[in-house]
Amino acid sequence: MTVSTREPPAAKTRSLVASVDDLRIHFDTKAGVLHAVDGVSFDIFDGEILGLVGETGCGKSVTARSFLRLIPTPPGNYAGGRIDFWTKEARHSGGAPIDLLTVSDSEMRSMRGNRIAMIFQDPGKALNPALSIREQVVEVFYQHRSEELLDGWSGGAPRAIRRAASQRSGKFEWLAFKVPPLRSHSRRLNRRIDEMVGDALAETQIANPRKVMASYPHELSGGMKQRVMIAQALACNPDLLIADEPTTALDVTIQARIMELIRELQQSHQTSVLYISHDLSLVRRISDRIAVMYAGRIAEIGQTQEIFHDPRHPYTRGLLAAIPSLAHKRGELAAIEGTVPELIDPPSSCRFSTRCSFATEICGQLDPALDARPGIHAVACHAYTSPQELGVRPDQLPRLDRTVL
Amino acid sequence: MQIREYIIRRLLILPLIVVGTSIIVFTIGRVGGNPIAIYLEHEMTQEEVAELEDRYGLNESLPVQYIAWAGGVLRGDLGYSGVAAAPVIEVMPRRIGATLELAVASAIIAVALGIALGTFAGARRNRLPDHVTRIFAVSGAATPTFWFAIVLLIIFWVNLGWFPIGRSDAVIFASISHPTGIYTLDAVLAGSFTALRDAVWHLALPALTLGYGSTAIITRMMRSSLAEELNEDYVDAARAKGLPERLVLRRHARRNALIPTVTVIGLGFGFLLQGTVVVEIIFIWPGMGRWMADAVLRGDQATIMAYVLFTSILFLVVNLVVDIVYAYLDRRVVLGA
Amino acid sequence: MVDTEHRQRSPFFTSRALAIRARRFGEVARDVLRNPTTTLGLVIIVTLIGLALLAPILTEPNVPDAYQMPRDWGALNLPPGSPDHLLGTTSTGGDVLYGVLWGARTSLQMSVIVVGITMVVGTMMGSIAGFIGGKVDEIIMRFVDVLLAIPELIFALAIAAVLGPSFANIIFALTVVFWVKYARIIRGQIIHVKNNEYVDSARVIGDSQFNIYLKDVLPNSVTPVIVQATLDMGNIVLVGATLSFIGLAEAGLAEWGVLVSEGQAGISAGRWWASTIPGAMVFLWALAFNLFGDGLRDVLDPRTEGR
């Protein structure tokens, strides 16, 4: 049983963009109820890049998708917790957040691609193969910036054009756009679309946006496709960008460039980024803070340098030890023994205890809480709790030695 | 440019297949059957029969006979139909018009209904509408057209009296001219609402019957395609852009699901063609199928050969069109990603 | 469509191989029965075959020819539920129940004979094409393409039509039309094996090819052939009944299609049973074999398209 010990966020120098509080997401499977995300809490601050790291199956993707409520609800369900989200306006005016999990469907749709955007792991699969780049990118404009599409008309655009700009055209209206008088209007709209889409693509350092716009996904390289995805995601200047393993499917050489691009754009757009990855060393290069996730829970969270210089959770230490590096002595690669526990009937013990070399009896009985107060380097491990809090003797707590990193 | 090569190659193969089919049927007919059976009358003497055999070249070798027949076809001479008591080539146009009207109407129904039902079911996977649709789809392909036609006839014509039999009301039919041979078109061209109504009213039940099996095939394919597409990342990505669900379904998932479904349309058309004979018999529709049915009973080989040619050409052309459309749609396949 | 996971290189007939096969059969049977629609299909199949086999016991066979519908001029056009005639009678006094049962027998004969012959012919042709290869293969495959290009019913119709109306001609026509898919399957297997195991020595070819055939090709073709045969059992009756409906069988034959055709005339007078009931039997037969065949296919080769 976890006890959340969070204080209300301090109204200090940095404001919160999002705050996840005890998020629980369950899936109904044939074998039982899968607790994919089981009590996750963390904050995302204005203008930061937070890395969310964990191995496959730890629940990081599910956590990310729940920001946009993309979890299919059978078989999944949002079993508890909240995700508080502050838009730019809310932050400036000191207004209240909205809970992304309970907000109405239409409000959620107006936020998707607009206030919160997402880029996916395999851009080849995340782009519709049957549509050209232009046709796909313009959708975010149709959806969220249609007034700007209608900018070019001094007296106001004809109603049919206005409908087209917000994707509300009638079934055969496109025929009407082929004949004058609507034809010139439709051409003007198309030029405006070309402009806006071209600008969006150019932002991600795509050399010839016009050519890319007219292409189909399969005609582009992996790196190019990912740039398109990023352009699309940032087109409406979102407050939060969720990047679900954006470079995993790319070549190593392209990876660095895309990450560089994300960092630059994050600066220029002043967006916060939630960067999901299974690769700790990769995330290190880009994140301000890192949250390590294990078996549906956050194991450790803190500033990037702190995590690397002072890894506290035994799992984090294991991850770091497993990274091959020239500094290591020659010999075997250190792997963490054991496998991730079944999430169907999660035990009440510490999830990592079966693989932990420091586990004691208390670890097998009680799940440690994460002290997720903002600004501190938090760990969910009994080794960092005081014995009085748990009502045990000091020697009953696990003791971590300084393992070689 | 690969598409063009593809089309040319298919167009070249087409006549070969038609020739092959005609050879097979022709040979079986000459060898196993009696080609002049329909011309024989009871009281003929041995000599008269022998004379007939000679006239129709039955004493020549098989290849010679085939070439004679094929040559005739290319010249426009398809023989004399005993059933219709007229040269085949004279009777065909009218008959083809009637069958085409029926086939096209059924095809339109099958494609439109099939895609709609498949989309409906695929989007509601494993819920009740999906299960019902799937039962329909599976049973549709196993339903004997002749039985289905009779059942529908009993319900809608005998008992409810909602629909008529035959192609038209004789009086209304005679009141307009028939330039195209396709009743519905002719009615539109003549601007006659009564005729149009008459045409559609008579067309409805046979077209529904004929289209049933094909609808089932297309529904089935569309449903599974759509269900697969809905699992793809780009669907989630589209939702993540804030698109309303109906647009996600229509513009993203369905468009991609249509591609494999197109391949089934050719198959469905084959199904449809096969059903025309039976449907035309039962609904008394004056098309190629009905003519063929009579020819079959009376051994009118000239008509049978003409029918085989007609259907195989039609079937092959439709499949070719479908394959070209598919190649065009699935750019990944043709252009080679 | 090659099931590479289960490639078996063991000789066909050792006891160990047979034991493995028996166990595998048990597994397959269990998986098949797990699906309710497939099981339903199987149940209907068993029922229909049972009815066919029991026809002489359940009804009094007609003399002199049991396969001709009996005529009872004293019991014309009786509706279902009449005494002695559970499903009614036709316009010539034939008992519809008799027609249903003996029609099942006819259908069973039709499908078994056609499937039997086509499997053999198809396997032979496919083997010839596959083994000899080259020109012979080309010719045979072009031939196959032609045959596949024509819709089955139309082709069978044309053949039966030019031969003249008779049940035997229907069977012949169906055989000509339905052998093709088996040839494709076998040939495909042979080509696949050939690509994997190329035997060089001319002397050894005569012997090992046959062994290869026994050890590799046959065992792995069994699955798709069985699935195809099951589906064909259903479709052959469907096409066959349609042919006899159109009039290509002898008049008065105890066959479902013929019954529907003869019962047609009574529709406008409200006599639905003589045509609807036999027609429903054709539907049931085709449906059952299709359901079961699809289920078999899902189990034996889960990579094919479907749900």
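Mentor: Let us begin with Ile226(C), whose place is in helix 8 (residues 202-246) of chain C; helices here are DSSP runs of H or I with at least four residues, strands are runs of E with at least two, and both are numbered from the N terminus. This is a predicted model, in which local features need pLDDT of at least 70 and side-chain atom pairs count only at pLDDT 80 or more, while totals for chains, interfaces and linings use all residues. Residues are numbered from 1 along each chain as its sequence is written, chains are lettered from A and ligands numbered from 1 in the order in which they are written, and side-chain values use heavy atoms, with hydrogens and water left out.

Ile226(C) is partly exposed, because its relative accessible area is 40%, and the classes run as follows: buried is under 20%, exposed is over 50%, and partly exposed is in between, with a 1.4 Å probe and protein chains only. In space, Ile226(C) lies 9.9 Å from Leu300(C), C-alpha to C-alpha, although 74 residues separate the two in sequence.

Elsewhere in chain C, helix 6 (residues 167-178) has twelve residues and reaches 16 Å from its first C-alpha to its last, close to the 16 Å expected at 1.5 Å a residue, where the expected span is 1.5 Å times one less than the number of residues. Ten of those twelve residues are buried, so helix 6 of chain C is largely enclosed by the rest of the structure; among them are Phe167(C), Ile170(C), Ile171(C), Leu174(C) and Phe178(C).

Turning to the neighbours, chains B and C share the most contacts of the two pairs of chains in contact, a contact meaning heavy atoms within 4.5 Å. Chain A and chain C, by contrast, do not touch, and their nearest C-alpha atoms are 15 Å apart.

Chain B has 14 helices and two strands, and 53% of its 337 residues count as buried. Its C-alpha atoms fill a box of roughly 85 × 50 × 40 Å along the principal axes, and of its contacts between residues at least 6 apart in sequence, 73% join residues at least 24 apart.

Chain A holds 17 helices and eleven strands. Its radius of gyration is 24 Å, close to the 22 Å that the globule rule gives for 405 residues, so chain A is as compact as a globular protein of that length; the radius is taken over C-alpha atoms, and the rule is 2.2 Å times the number of residues to the power 0.38. Buried residues make up 53% of the 405 residues in chain A.

Within chain A, helix 9 (residues 182-203) has 22 residues and spans 32 Å from its first C-alpha to its last, close to the 32 Å expected. Its buried residues, including Leu182(A), Leu189(A), Ile193(A) and Val197(A), pack against helix 5 (133-144), helix 6 (146-149), helix 7 (159-165), helix 8 (173-176), helix 10 (209-214) and helix 11 (222-234) of chain A. Just after helix 9, Gln205(A) takes a positive phi of about 60 degrees.

Between helix 1 (60-67) and strand 4 (76-85) lies Pro75(A), and the peptide bond from Pro74(A) to Pro75(A) is cis, with omega near -5 degrees. The loop between helix 1 and strand 4 also holds Arg69(A), which has a positive phi of about 50 degrees although it is not a glycine, and which is buried, with a relative accessible area of 14%. Glu245(A), in the loop between strand 7 (240-244) and helix 12 (252-269) of chain A, has a positive phi near 50 degrees and is buried, with a relative accessible area of 8%.
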